[in-house]
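Student: Hi, could you walk me through this one? I'm new to it.
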Amino acid sequence: MATRDTLQDGGDMATHASRLREDAANLAGATGAEVRRSMTAAAETLGDAARRMMDTTRTYSREGLERVSHQVEERPISSIAIAAGVGFLIGMLMRRS
């Protein structure tokens, strides 16, 4: 009888081990799917933030260009003098390099 019980317990252990292996595989698959969903959501959030930053940068660039254009139209001689001074400084810095 003890031998028969031991064989029965061994069979039950094999069944439990098989179920445990299946459960572990299912859990790993579920965890991988959850990680993929999380990574996809994070990538979408990052993409949205990058688009907002790009739109903001584009808006500020346009506004800055409009301000500079307005200043050049209002004060053309000063604008030419400033541009010449900046060009001279850049030329001096490049000559040192």
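Student: Is Arg51 buried, exposed or partly exposed, and why?
Tutor: Arg51 counts as partly exposed because its relative accessibility is 47%. Buried means under 20% relative accessible area, exposed over 50%, and partly exposed in between (1.4 Å probe, protein chains only). This is a predicted model: local features need pLDDT of at least 70, side-chain atom pairs count only at pLDDT 80 or more, and totals for chains, interfaces and linings use all residues. Residues are numbered from 1 along each chain as its sequence is written, and side-chain values use heavy atoms, with hydrogens and water left out.
Student: Where is Arg51 found?
Tutor: In helix H1, residues 2-74. Helices are DSSP runs (H or I, at least four residues), numbered from the N terminus.
Student: Which side chain meets Arg51 in a salt bridge?
Tutor: Asp48, at 2.6 Å, N to O. A salt bridge is a side-chain nitrogen of Lys or Arg within 4 Å of a carboxyl oxygen of Asp or Glu. Asp48 and Arg51 are 3 residues apart in helix H1, about one turn. Asp48 is partly exposed, at 36% relative accessible area.
Student: How many salt bridges does the count come to?
Tutor: 3 salt bridges. One of them joins Arg58 and Asp55, with the closest N and O atoms 3.3 Å apart. Arg58 and Asp55 are separated by about one helical turn because they sit 3 residues apart in helix H1.
Student: What does Glu63 form a salt bridge with?
Tutor: Arg67, the closest N and O atoms being 3.9 Å apart. Glu63 and Arg67 lie 4 residues apart in helix H1. Arg67 counts as exposed, at 56% relative accessibility, whereas Glu63 is partly exposed, at 32%.

Conventions
Helix = DSSP H or I, 4+ residues; strand = E, 2+ residues; numbered from the N terminus.
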